[in-house]
Amino acid sequence: MEPLYQTSAVLTLEEYRSYVYALRGRRTILLTVIAEVLFLLEVLLFSNWASKLFAAVVFLLFPLAIWLILNWNTKRIFTSNQLQNGAQTQLFFYEDHLEQISPSGTLRVAYHQLYRVVETKTHFYLMVGRGQGIIVVKANCLPGLIDFLGQLKITVEGRNR
């Protein structure tokens with residue numbers, strides 16, 4: 001059977017960072033904003049100047065600390081997977097399934113098995129599970145494939161409601 005579409009991608013640290021931020025970025029930002037509001041309330045409510053100073057310092061440094069920890073953890077996870085690090089993957093899209101061929105083997109996923117499809121301005125992330133996804137770079141796709149994946153996203157969202 002001939003594939004309807006095909007594309008390829010190289011898994012780099014930047015691609016992996018984009019993937020992590022697309023999946024966890026909004027939640028991390030929301031939790032950071034909530035913590036920042038609590039630190040700000042602490043600054044305003046305490047009458048002791050030492051407590052206010054401590055809360056103000058934490059208020060200023062907390063977002064930076066979160067950003068550094070997330071970047072460090074993302075890089076650590078990426079570099080720990082030597083098999084996927086910098087690997088070239090080929091994606092083939094058929095009528096009822098997709099196949100990803102990479103150095104670690106071939107993954108075949110029926111579209112009805114997809115957990116979620118996340119779309120950003122530059123990527124599609126075809127989620128096989130909560131923590132496992134397939135990266136599709138839009139710049140490497142023909143317009144027909146982008147439309148196909150947009151329709152797939154609508155189908156998966158409709159099924160999961």
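Colleague: Which strands form a hairpin with three residues between them?
Modeller: Strands E5 and E6 do. One caution before we go on: this is a predicted model.

Colleague: Noted. How many bridges join E5 to E6?
Modeller: Four, and the two strands run antiparallel.

Colleague: Give me one pair. What is the bridge partner of Arg116 in E6?
Modeller: Met127 is the partner of Arg116.

Colleague: What is the strand order in the open sheet of three strands?
Modeller: The order is E5-E6-E7, and the pairing is antiparallel. In general, strands of a sheet pair through backbone hydrogen bonds, either parallel or antiparallel.

Colleague: Which are the edge strands?
Modeller: E5, at residues 116–119, and E7. Each of these pairs on one side only.

Colleague: How much are neighbouring strands turned against each other?
Modeller: By 15° on average, with direction ignored.

Colleague: Now the helices. Where does H1 lie?
Modeller: Across E5, E6 and E7. H1 runs at about 70° to E6.

Colleague: And where does H3 lie?
Modeller: H3 also lies across E5, E6 and E7. Its angle to E5 is about 130°.

Colleague: On to the core. Which residues touch the most other members of the largest nonpolar core?
Modeller: Phe93, Leu98, Leu114, Leu126, Val136, Leu149 and Leu152. That core has 16 residues.

Colleague: Which elements each supply at least two residues of this core?
Modeller: Strand E2 (88–93), strand E6 (123–127), strand E7 (133–137) and H3. The largest share is from H3, with four residues. As a general point, nonpolar side chains tend to be buried together in soluble globular proteins.

Colleague: Pick Leu149. What does Leu149 touch, not counting residues up to four places away in sequence?
Modeller: Phe93, Val117, Phe124, Leu126 and Val136.

Colleague: Let's switch to charges. How many salt bridges are there?
Modeller: The count comes to four. I can take you through some of them.

Colleague: Start with Glu14. What does Glu14 form a salt bridge with?
Modeller: With Arg17. The closest N and O atoms are 2.9 Å apart. Both residues sit in helix H1 (residues 13–45), three residues apart, so about one helical turn separates them.

Colleague: Is Arg17 buried or exposed?
Modeller: Buried, with a relative accessible area of 18%. The cut-off for buried is under 20%.

Colleague: Which residue does Glu99 meet in a salt bridge?
Modeller: Glu99 meets Arg108, at 3.8 Å from N to O. Glu99 is buried, at 16% relative accessible area. Arg108 is exposed, at 55% relative accessibility.

Colleague: What about Lys153? Which side chain meets Lys153 in a salt bridge?
Modeller: The side chain of Glu157 does, at 3.8 Å, N to O. Glu157 and Lys153 are four residues apart in helix H3 (residues 143–159), so they are separated by about one helical turn. Glu157 counts as partly exposed, at 35% relative accessibility.

Colleague: New topic: Thr7. Where is the place of Thr7?
Modeller: Thr7 is in strand E1, residues 5–10.

Colleague: Is Thr7 buried or exposed?
Modeller: Buried, at 5% relative accessibility.

Colleague: What lies 2.8 Å from a polar atom of the side chain of Thr7?
Modeller: The backbone oxygen of Asn140. Thr7 touches other residues too, including Thr89, Gln90, Leu91 and Phe93. Val136, Cys141 and Leu145 are also among the contacts of Thr7. That list leaves out residues up to four places away in sequence.

Colleague: Last one, Leu13. Where is the place of Leu13?
Modeller: Leu13 is in helix H1.

Colleague: And what does Leu13 touch, not counting residues up to four places away in sequence?
Modeller: Thr74, Lys75 and Phe78.

Colleague: How many residues apart are Leu13 and Arg130 in sequence?
Modeller: They are 117 residues apart. In space, Leu13 and Arg130 are 20 Å apart, C-alpha to C-alpha.

Methods
Residues numbered from 1 in each chain as written. Predicted model: local features only at pLDDT ≥ 70, side-chain atom pairs only at ≥ 80, totals over all residues. Heavy atoms only, no water. Buried < 20%, exposed > 50% of the residue type's maximum accessible area, 1.4 Å probe, protein only. Core = buried A, V, L, I, M, F, W, Y, C linked by side-chain atoms within 4.5 Å. Contact = heavy atoms within 4.5 Å. Pairing = 2+ DSSP bridges. Axes fitted to C-alpha atoms, helices over the stretch in contact; angles between N-to-C directions. Polar contact = N/O pair within 3.5 Å; in protein donor to acceptor, adjacent residues only side chain to side chain.
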